[in-house]
There are 2 protein chains.
Amino acid sequence: MKIIIDANGGDNAPNAVIEGVDLALNENSNLEITITGTKDVLSLIEGMTNKSRVVFEEATDVITNDDAPVDAVRKKPNSSLVKGLSLLKSSDEYSAFVSAGSTGALLAGAYMKVGRINGINRPALVSVLPTVDGGKVLFLDCGVNADCKSQNLVQFALMGKYYFTGVLGIDNPKVGLLNNGAESHKGNELTKETYELLSAEKSINFVGNIEARDILSGNADIVVSDGFSGNVAIKSMEGMASSIFYLLKKNIKSSGLKGKLGALLLKNTFKSLKSEMDYNRYGGAILLGIEKPIVKVHGASKAYSFAMAINQALKIVESDVVGKIKNAVNEGTETCL
Amino acid sequence: MKIIIDANGGDNAPNAVIEGVDLALNENSNLEITITGTKDVLSLIEGMTNKSRVVFEEATDVITNDDAPVDAVRKKPNSSLVKGLSLLKSSDEYSAFVSAGSTGALLAGAYMKVGRINGINRPALVSVLPTVDGGKVLFLDCGVNADCKSQNLVQFALMGKYYFTGVLGIDNPKVGLLNNGAESHKGNELTKETYELLSAEKSINFVGNIEARDILSGNADIVVSDGFSGNVAIKSMEGMASSIFYLLKKNIKSSGLKGKLGALLLKNTFKSLKSEMDYNRYGGAILLGIEKPIVKVHGASKAYSFAMAINQALKIVESDVVGKIKNAVNEGTETCL
């Protein structure tokens, strides 16, 4: 299987990307990687253990986070990101694309260069988050669609279902609707409408409303939301986590020898806590609803996260998530597709 | 000054309420409290240090969180909550109402029994949150208005301004708009429209979009949002904080003697962290846009929080927040009011 990766995307590119590719190749003997990247990447590839399973496609440009997404996709066709997407579209031999580049450009490029699945109105960005009981929850849309209709949210639920079943191996996952209260009558116009549709959708195991404080509770395997609220939820959680760790560090620093000794003794505890909270260990965010799987790796990722994201892309391809979504759309078996 | 308090609202009622009232009376010699509550509360009042400045109004009913809000307000006129609101409306001698009862019933009752300020389309629930730099941020709407128009959000900003200046004593507070990106072009239909209106509003010191991860950063003194996203933000932060503390506790428990010793040494650090994160120490959430100040105390609050909420109500009255909002509406000096 051939997966394409963008060597110039992310804060730690290209070194972390190349290291991550090597790790993934170590683990998966059937894997081949095509790397799109600027000339300087070539020398890094030369140093790889698994360079025999790597093809290099030279890019002459790089898209940065300062570039306006749609403009960048149009004006930088030879950037590592756009070149990767164009390759993905060009041939059946390429199965998926992985990048830690600009989220906006990746989304715009996915629409413009690869295209959405016929029948899916709105692709969605999916995050896999750790739950407090040690499980996982799929949360979507994390920010692609600021304004949504209820039908979009039902499609998110269905796409999420195929991902959850295919990649995480759990049948009939519980779907919850992000809402401002647990009771069935709660919500804004959008969520009230969506509640009705999800309740009527027989192919979905709808478990009702999920309050934002319960996203990580494990009460639902999949939580669907419009992209605006999804963005607010994800970033509120991120902000609170970093506020707590910032204040904890500050308080430890000012607590004298006793505090410092305590922190030293708890070093492993803090480390395992951070690892439990770290959703990068599951790979990246997945763009569902596009003709081929695309995985967005967090900008700050290190080699390990790139390897995890490649593994994740592999699983998406092997379990044919995109094909299953397409079938559901074509057969029209799902009421709301 | 006379403030009314609901003795039967909250998980720790009536004891915590009565203790809190006594604390507040200790601190404020000009304060008188009218307590609405069931008969059994009378014996607690008898034990108060400051019982000479307390008037008891007997209620024969209690509204619980299981009651449907509007129904409860209609059918339980002699509940401690509705009786308090009716008293507040009945005479100028009463300045404010404080309750830890059902949020839904309190909001419904505020509309139905006290009424909104003429010209304010949507009252909003305001939370005062601690920022990481030791300051405070006013966040509204926290959940009253699931669907909002851009004009509502501008009114939220103006109401927030009068609260911030009056109660927290800072002129010309910085107003931010909760959005899914910091750049000016970001947003859904609502926030894009609101961005334009806030930019045009000369009486507001608008500092642009605030991402959810930056609500606690201190970059804005006031962050405005529709009630749905506001609810998602507040509850996501709550959920993340409790997830972290839950996992931390769990990890310490399983980390053996070393971890337990570390936790013991860090006991004070954890305590001060929890206190820094605890927004109850600022009092309660304030319902702005109603004819008289109403403070909603968190259901789980203890005596200290009730005292803080009473102090907060005092400050709102003394700085005439409601009067200033009314003036702005009547004079029409604010473009969007």
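In this predicted model, a nonpolar patch on the surface is formed by A:Val70, A:Tyr111 and A:Met112, which together have about 240 Å² of accessible area. Patches are made of residues with over 30% relative accessible area and no salt bridge, like charges being joined within 9 Å and nonpolar side chains (Val, Leu, Ile, Met, Phe, Trp, Tyr) within 5 Å. Accessible areas come from the Shrake-Rupley method with a 1.4 Å probe, and for residues only the protein chains shown count as cover. A:Met112 belongs to helix H5 (residues 103-114) of chain A; helices (H or I, at least four residues) and strands (E, at least two) are DSSP runs, numbered from the N terminus. With a relative accessible area of 37%, A:Met112 is partly exposed, where buried means under 20% relative accessible area, exposed over 50%, and partly exposed in between (1.4 Å probe, protein chains only).

Local features need pLDDT of at least 70 and side-chain atom pairs count only at pLDDT 80 or more, whereas totals for chains, interfaces and linings use all residues. Residues are numbered from 1 along each chain as its sequence is written, chains are lettered from A and ligands numbered from 1 in the order in which they are written, and side-chain values use heavy atoms, with hydrogens and water left out.

Over all chains, the structure holds 16 salt bridges, each being a side-chain nitrogen of Lys or Arg within 4 Å of a carboxyl oxygen of Asp or Glu. One of them joins B:Asp67 and B:Lys76 at 2.8 Å, N to O. B:Asp67 is partly exposed at 22% relative accessibility, whereas B:Lys76 is buried at 17%. In the salt bridge between B:Glu211 and B:Arg213, the closest N and O atoms are 3.5 Å apart; B:Glu211 is buried at 13%, and B:Arg213 is partly exposed at 34%. A further salt bridge, at 2.7 Å from N to O, connects the side chains of B:Lys326 and B:Glu291. This pair links distant parts of the chain, 35 residues apart: B:Lys326 lies in helix H12 (residues 321-331) of chain B, and B:Glu291 in the loop between strand E10 (285-288) and strand E11 (294-296) of chain B. A network of salt bridges also links A:Glu211, A:Arg213, B:Lys235 and B:Glu238.

Two packed helices are described by the angle between their axes and the distance between the axes. In chain A, the axes of helix H6 (residues 150-168) and helix H7 (residues 189-200) come within 8 Å and cross at roughly 50 degrees, so H6(A) is oblique to H7(A). The axes of helix H1 (residues 15-27) and helix H11 (residues 303-318) of chain A come within 7 Å, also crossing at roughly 50 degrees; H1(A) and H11(A) are therefore oblique to each other. Axes are lines fitted to C-alpha atoms, for helices over the stretch in contact, and angles run from 0 to 180 degrees between N-to-C directions. Angles under 35 degrees count as roughly parallel, over 145 as roughly antiparallel, 65 to 115 as roughly perpendicular and the rest as oblique.

Most residues other than glycine have a negative phi, and most peptide bonds are trans. The peptide bond from A:Ala13 to A:Pro14, however, is cis, with omega near -5 degrees, and A:Pro14 is found in the loop between strand E1 (2-6) and H1 of chain A. A:Asp320, although not a glycine, has a positive phi of about 50 degrees.
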